[in-house]
Amino acid sequence: MRRLGLGLIPWVGAILLWYAVRWSGFVNASLIPAPHQVAAKFVELLTKEGLLIDIFASTRRVFFGVSLGILVAVPVGFLLGWYRPARTFADPMINFFRALPPIALIPLVIVYFGVDELAKLVILFYASFFSGVIVMYEGVSQITPLYIRVAQTLGANQAEIFRKVIIPLTVPHILTALRGSRLG
């Protein structure tokens, strides 16, 4: 019970501060709605205007866009980290595009894809793809060569090394790519 009370104190303080700023007169009251007005509007949106449907649509969109971006980024990151010629070829282009924030591409995406669902998925894909490629590329390239030499000494071919050494050592990086995928 004490822990719950300690957890609620900052929220109660924030709401009290909110009321104080509203009633202080320093800011026009029409610019800052009262917390009880915001709560009433939230309940109205939740019940009458389909806020839950909108939340579901946004969540689904983010899930598909980020999942697709990571799904494509993992093999590309493996390829760039594992094969030096691929890295030499693609590295300048990858670094160029990853430096562009996804929000800066929104006007171009609107021109080419419109404002429908596809445009939103393209932005999400872009954001997650480049961050995922970088994480995977770094993960594969940082694998200690000793593991690869030991596997070769034990008679493993390239496919076995990739499947039994590289993939298990990069699972933490795949999870980091999933966790780190964000929009900016």
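Residues are numbered from 1 along each chain as its sequence is written, and side-chain values use heavy atoms, with hydrogens and water left out. Because the model is predicted, local features need pLDDT of at least 70 and side-chain atom pairs count only at pLDDT 80 or more, while totals for chains, interfaces and linings use all residues.

**Helix pairs**

Helices (H or I, at least four residues) are DSSP runs, numbered from the N terminus. Axes are lines fitted to C-alpha atoms over the stretch in contact, and angles run from 0 to 180 degrees between N-to-C directions.

| Pair | Angle | Axis distance |
|---|---|---|
| Helix 3 and helix 4 | about 120° | 6 Å |
| Helix 4 and helix 6 | roughly 135° | within 11 Å |
| Helix 5 and helix 6 | about 140° | 9 Å |

Start with helix 3 and helix 4, which pack at about 120°. That angle makes helix 3 oblique to helix 4. Angles under 35 degrees count as roughly parallel, over 145 as roughly antiparallel, 65 to 115 as roughly perpendicular, and the rest as oblique. Leu79, Leu80, Gly81 and Trp82 of helix 3 make the contact with Arg84, Ala86, Arg87, Ala90 and Ile94 of helix 4. Contact means heavy atoms within 4.5 Å. By class, this contact of helix 3 with helix 4 has six nonpolar, one polar and two charged residues. Ala, Val, Leu, Ile, Met, Phe, Trp, Tyr, Cys and Pro count as nonpolar, Asp, Glu, Lys and Arg as charged, and the others, Gly among them, as polar.

Next come helix 4 and helix 6. Their axes cross at roughly 135°, and the two helices are therefore oblique to each other. Helix 4 passes helix 6 in a left-handed crossing. A crossing is left-handed if the near helix is turned anticlockwise from the far one by less than a right angle, and right-handed if clockwise. On the helix 4 side, the contact uses Arg87, Asp91, Ile94, Asn95, Phe97 and Arg98; on the helix 6 side, Tyr126, Phe130, Val133, Ile134 and Tyr137. These residues divide into seven nonpolar, one polar and three charged.

Helix 5 (residues 106-113) also packs with helix 6 (residues 117-141), at about 140°. Helix 5 is thus oblique to helix 6. The crossing of helix 5 past helix 6 is right-handed. Ile106, Val109 and Phe113 meet Leu118, Ala119, Val122 and Ile123.

Gly81 sits in helix 3 (residues 51-82). At 7% relative accessibility, Gly81 counts as buried. Buried means under 20% relative accessible area, exposed over 50%, partly exposed in between (1.4 Å probe, protein chains only). Beyond its neighbours within four places in sequence, Gly81 touches Arg87, Tyr137, Val140 and Ser141.

Phe97 belongs to helix 4 (residues 84-99). Its relative accessibility is 31%, so Phe97 counts as partly exposed. Leaving aside neighbours within four places in sequence, Phe97 is in contact with Tyr126 and Phe130. Phe97 and Tyr126 are 29 residues apart in sequence and 9.0 Å apart in space, C-alpha to C-alpha.

Ser128 lies in helix 6. At 1% relative accessibility, Ser128 counts as buried. Its side chain reaches the backbone oxygen of Leu124 at 3.0 Å. A polar atom of the Ser128 side chain also lies 3.3 Å from the backbone oxygen of Phe125.

Conventions
A polar contact is a pair of N or O atoms within 3.5 Å; within protein, one must be able to donate a hydrogen and the other to accept it, and residues adjacent in sequence count only if both atoms are side-chain atoms.
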